[in-house]
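User: I should like to understand the reasoning behind the descriptions given for this structure. Please set each value against the criterion that applies.

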Amino acid sequence: MIGSELLRSPQLSNLEKLYIRLLGIPISGLRIRLRRVLPHLVGKANKVLDAGCGRGVFSYELAKRFPNASTIGIDLDPEQIKTNIEVAKENQLTNLTFEVQNVMTLPYQDEFDFILSVDNLEHLEDDEKGIRQLFQALKHGGRLVLHVPGLERRWFFYKFKTNFDVPGHFRPGYKLEDISQKIRDAGFIIDEAYYTFGWLETITNNISYLITKAEAKNKIAYALVFPILNFIAWFGQHTRPKNGAGVLLLARKPNTEIEP
C-alpha cells in the first residue's frame, strides 16, 4: 500500500498506524495528488530529487520506482528530515537519503535525471528563482514532474473562487498559462500541462478541509468520513477539468542549449 512506510514512523500513534494499515494515509489532498502524479514516475534515472519532500511519501515511492537510482529528498524542516531518515532506514530503502536543504539555494549543477516537486512552489517567495534552481540541477534531457495548487477552486458546488489561503504560502496557486510561462522562461520544454482536481476530487477535498480546517483538527470525525471521501474522489482521477484546484506539468531540460 502506498505510504505504508509511515507505519514505521515514530511520529504516529499505534492507532494511527492501524488506520493507515487498513485504509492508507488519511489525507484527502495527498491521496488525490498521489493518484495524479504517480503514473508519471516512470522511465530510467540514475539520480532523482524530491524537491520539498515533507513527510517523504513521494520520496519513498521514487526510491521504489527507481530502484537502481540514488534518490534524495530535501526539505527545510530538520525534525521532519530526521524522522524521514529513520523511516527510510527502518524500511531498508538503501537508495534513499534525506537532507535539510533549501530549494532556493540548491548546490547542484546538471546532476539529476529526474526531479519531482509537489505543491512546493507556492511556499517560495521568489518562485521564478526556485524554478531556475530546479532547471540548473537537472541534467540536459532530464525530466521535471511539477504539481502546484491552482489559483481557483470550485466551491460548493459550482462557483469558482480563489483557492485556500494557507499559512506559509506566498500565493494561493497558479493559473495554468501563468505557471507554464514561468517554466518556459526558466528554459524548460513542456511536454504536457493540465489542471487536476476535477469536480469529484474538489468537492470531497472541500469537505475534508471543512472538517480538519487544514490543521488536523477533528481527527475522529475525519477518520470516520475519510473512507467515503477517498472512495468518491477515486472516480475523478482521470478527468481533465477546464479549471481545477491543481496544475500538473511534465517538462524537460533540453538535451543541448540550442534545442528548440
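User: Where is aspartate 126 found, and why is it called partly exposed?

Analyst: In this predicted model, aspartate 126 belongs to the loop between strand 4 and helix 5. Its relative accessibility is 35%. Buried requires under 20% and exposed requires over 50%, so aspartate 126, at 35%, counts as partly exposed. Its C-alpha atom is separated by 32 Å from that of phenylalanine 156, 30 residues apart along the chain.

User: Which strands does helix 5 lie across, and at what angle does it run to strand 5?

Analyst: Helix 5 lies across strand 1, strand 4 and strand 5. Its direction is at about 145° to that of strand 5.

User: What makes the sheet open, and which are its edge strands?

Analyst: Seven strands form the open sheet, in the order 3-2-1-4-5-9-8, with mixed pairing. Its edge strands are strand 3 (96-100) and strand 8, each of which pairs on one side only. From one strand to the next, the twist averages 15°.

User: How do you know that strand 1 and strand 2 pair?

Analyst: Pairing requires at least two bridges, and five join strand 1 to strand 2, so these parallel strands qualify as a pair. Aspartate 50 has glycine 73 in strand 2 as its bridge partner, and leucine 49 stands opposite isoleucine 72 in strand 2. Strand 1 is also mostly covered, with four of its five residues buried.

User: Which strands pair with strand 9 in the antiparallel sense, and why is strand 9 called largely enclosed?

Analyst: Strand 5 is joined to strand 9 by seven bridges and runs antiparallel to it; here glycine 246 in strand 9 is the bridge partner of proline 149. Strand 8 also pairs with strand 9 in the antiparallel sense, over seven bridges, and alanine 193 stands opposite leucine 249 in strand 9. Six of the seven residues of strand 9 are buried, so the rest of the structure largely encloses this strand.

User: Which residues have the most contacts inside the largest nonpolar core?

Analyst: They are Ile115, Ile179, Ile183 and Phe188, in a core of 31 residues. Among the elements that give two or more residues to this core are strand 1 (47-51), strand 4 (112-118), helix 5 (127-137) and helix 6 (176-185). Beyond its neighbours within four places in sequence, isoleucine 115 is in contact with Leu49, Ala51, Leu134, Ala137, Leu138, Arg143, Leu144 and Val145.

User: Why is helix 2 called largely enclosed?

Analyst: Ten of the ten residues of helix 2 are buried, so the rest of the structure largely encloses this helix. Among these buried residues are Leu30, Ile32 and Leu34, together with Arg31, Arg33, Arg35 and Arg36.

User: How do you know that the span of helix 8 agrees with its number of residues, and where does its kink lie?

Analyst: The 16 residues of helix 8 (residues 219-234) should span 22 Å at 1.5 Å a residue; the end C-alpha atoms are 21 Å apart, so the two values agree. A kink of about 40° lies at valine 225, shortly before proline 227.

User: Which residues of helix 8 are buried, and what do they pack against?

Analyst: Tyr222, Phe226, Leu229, Asn230 and Ala233 are buried in helix 8. The buried residues of helix 8 pack against helix 1 (14-23), helix 2 (28-37) and helix 7 (199-212).

Terms used:
Residues are numbered from 1 along each chain as its sequence is written. This is a predicted model: local features need pLDDT of at least 70, side-chain atom pairs count only at pLDDT 80 or more; totals for chains, interfaces and linings use all residues. Side-chain values use heavy atoms; hydrogens and water are left out. A nonpolar core is a set of buried Ala, Val, Leu, Ile, Met, Phe, Trp, Tyr and Cys residues joined through side-chain atoms within 4.5 Å. Buried means under 20% relative accessible area, exposed over 50%, partly exposed in between (1.4 Å probe, protein chains only). Contact means heavy atoms within 4.5 Å. The expected span of a helix is 1.5 Å times one less than its number of residues. The bend at a residue is the angle between axes fitted to the seven residues ending there and the seven starting there. Axes are lines fitted to C-alpha atoms, for helices over the stretch in contact, and angles run from 0 to 180 degrees between N-to-C directions.
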